[in-house]
Amino acid sequence: MTPLVHRRPGPWAITVVAVLVMLAQACPLFGAEVSGKFSSLFQSRENKDGDRESVLDNYLSLDAERILHPAVSMHAYGKFGHDFDANFSDTSLYYGYLEYRTHEGRADIQLGRFPLSTHRFLTVDGMNVSLKPDGPVGVAVFGGASRNLDLDPDRFKRLFSTNEGTIYGGRLFLQGIERTRAYAGYSWEGSGDTVYQELFSGGVGRDFQSILLGKELKISVDGSADYNLDRADLDKMSARLFTYYDKKLRVLLEADLYDVKNEFPEGRELVLSILSDGREERTFYTVFYDLNPIVAIYQSSVFTRLKMPDGGWQTGTILKGGVSGNFIEQMGLDLDLGIYRFESFIADATGISTKIRWRPHNKWILEGGLEAVSINTPSRQDQTATTITGEVGYRPKPTLKAALFVEQSDNPEFRSDFRTGMRLDYDFSFPAGRNLTAGEGR
Amino acid sequence: MKRTAVILALILVFGLFAGCQWYEYRTPSGTFAHKIHAKPLDQKGFACLDCHRFSKIEDRDFKKALAASERTLFPGKAICHYCHVETATRIGGAPGSCAMCHLDMYAIRPETHLRKEWKKFHGLEAKSDRDSCNTCHREWFCADCHTRRDSIQTLMHPRTYRFSHSVEAQIDPASCGACHPLRFCIDCHSGKQRRYN
């Protein structure tokens, strides 16, 4: 097994962010469409044992498009956090890449740290090339070192650590055929002679549209499979049906089969392969229905079967239901009430969740919520956890919001705490270097 | 600490710089610049009257018409979208980014985003048609919610989830694995967390 290695975000990460920020400022030299979001969250909490934690988390995303050339852009998203009590800072670059994307993505090249959606969600330090030539088939190839977003043991830091492995692969996909999707892909992930996972993936999907009893009916059907070449067996099969009827009824049906066995290094194993023999059969549905333009009800159920290491099977059920009301136009109010029940072979849980949001004025938003969950196990007394929250938000501009919040949590097994804080969300965009100040350039 | 201060200062300067400019002119009508558009529109054979309807004012006093045009003579999105958005008529060099002109992206959400269950089902549509998402959103928009932990906002799990997560993990561990590797479990259950257990 290859040991798990963590790398602290080095000065290079900060340098990349700083260069991007400076580029945005210096854009009169280059010209760019800059947009992004700055989000800041400060919270202070006191634990039951008297410990205090005061943390500031800042998230900054930047997209600078049309740099030097209309097809060239830079994208970055990162976090800077500071723990005031521990006097400790953390900087993480979640994404940072240069992109060359021609009109409508006919050619798309990403270089740097970028998100990649293959058989699972990945972050890769490397390169991704996608080409959509004339004709029904497009092609994409990728390669690099896969990264994993981990939690530092003190829970404050986020680490993009590596499993010392590389990943590469490619995909052929259908394009330009209306309402039809299809792809076939291959990916290899491993280190040296060790193959973590080698998959051949394929999927098809189609949308149908019709009139049923005088009402509009839309149906989307998708199916996919991952075949593990290393063990010559299927890792995953999935089938999904999404129905949309009369603009009121939405139904999602899905059936999945997992049978995973892999050679990921210690700590990187799939959760399923540890909590079972690696085989899970799952079916679920969700129904959402608008009673009227204001009130909607929903219900979803999940049924699973897990194969355990001793060869036996365990079943589980998740039931959820609720109602949501949107009285924004009548009284500036929207609310959600949900209940759920988990039934597993170790314990049952029953919970309730309520959330209410009120806008007495278009610049002010008041929010409140209450959650409670009770766990029943055969071996001990029932236990209940509760959380109550409140928030006052002020939105002077459509893209600027500041809020004060308070939360009280009572948890019988983990920490109970009382936290207060404030957060700021700010969306921005401006055409830097285009000489477009108010009144100019006309 | 010095590094911290530098980063904070950079973020602050950037925010102020962006914000001060932006509030002045970030509306579709306010952003429009005749100077930039004159040449390409002329090359494509567009005349003033193709966009602006009140020809008498423009004929008499161009300056006054220009001042008025920002509010009253703004031709509407169909005219802008003809060159910037619509697939069949879009001009190759015309920027297609929504944020280029629109102040409030929230106000121009597509119909799908207005559905009550959008938050619950958006992943399905994102898997089906990622290019459609990329029209307005970059990848960080997904990461902004999906990678945050311990936020005051309930982004992924209920607030009480820490207490009840083991029950769901025993029912549907494949869903846990979609986001978390095993180390995420081990860190807590092995007692590694030094401050919060």
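## Close-up views of a predicted two-chain model

**View 1. Confidence along chain B of the predicted model.** Of the elements of chain B, helix H1 (residues 2-25) of chain B has the lowest mean pLDDT, at 53, whereas H12(B) has the highest, at 87. Chain B as a whole averages a pLDDT of 70, and 59% of its residues score at least 70. Over residues 18-26 of chain B the pLDDT stays under 50, although the model gives this stretch 30 contacts beyond four places in sequence.

**View 2. Confidence along chain A.** The mean pLDDT of chain A is 83, with 84% of its residues at 70 or more.

**View 3. The largest nonpolar core.** This core has 16 residues, and those with the most contacts inside it are A:Phe342, A:Ala349, A:Val373, A:Ile375 and B:Val167. At least two of its residues come from each of strand E17 (333-343) and strand E19 (364-377) of chain A and helix H12 (161-171) of chain B, and H12(B) gives the most, with three residues. Leaving aside residues up to four places away in sequence, B:Val167 touches A:Phe342, A:Ser344, A:Ala347, A:Ala349 and A:Ile375.

View 4. In soluble globular proteins, nonpolar side chains tend to be buried together.

Methods:
Residues are numbered from 1 along each chain as its sequence is written. Chains are lettered from A and ligands numbered from 1 in the order in which they are written. This is a predicted model: local features need pLDDT of at least 70, side-chain atom pairs count only at pLDDT 80 or more; totals for chains, interfaces and linings use all residues. Side-chain values use heavy atoms; hydrogens and water are left out. pLDDT is the predictor's confidence in each residue, from 0 to 100. A nonpolar core is a set of buried Ala, Val, Leu, Ile, Met, Phe, Trp, Tyr and Cys residues joined through side-chain atoms within 4.5 Å. Buried means under 20% relative accessible area, exposed over 50%, partly exposed in between (1.4 Å probe, protein chains only). Helices (H or I, at least four residues) and strands (E, at least two) are DSSP runs, numbered from the N terminus. Contact means heavy atoms within 4.5 Å.
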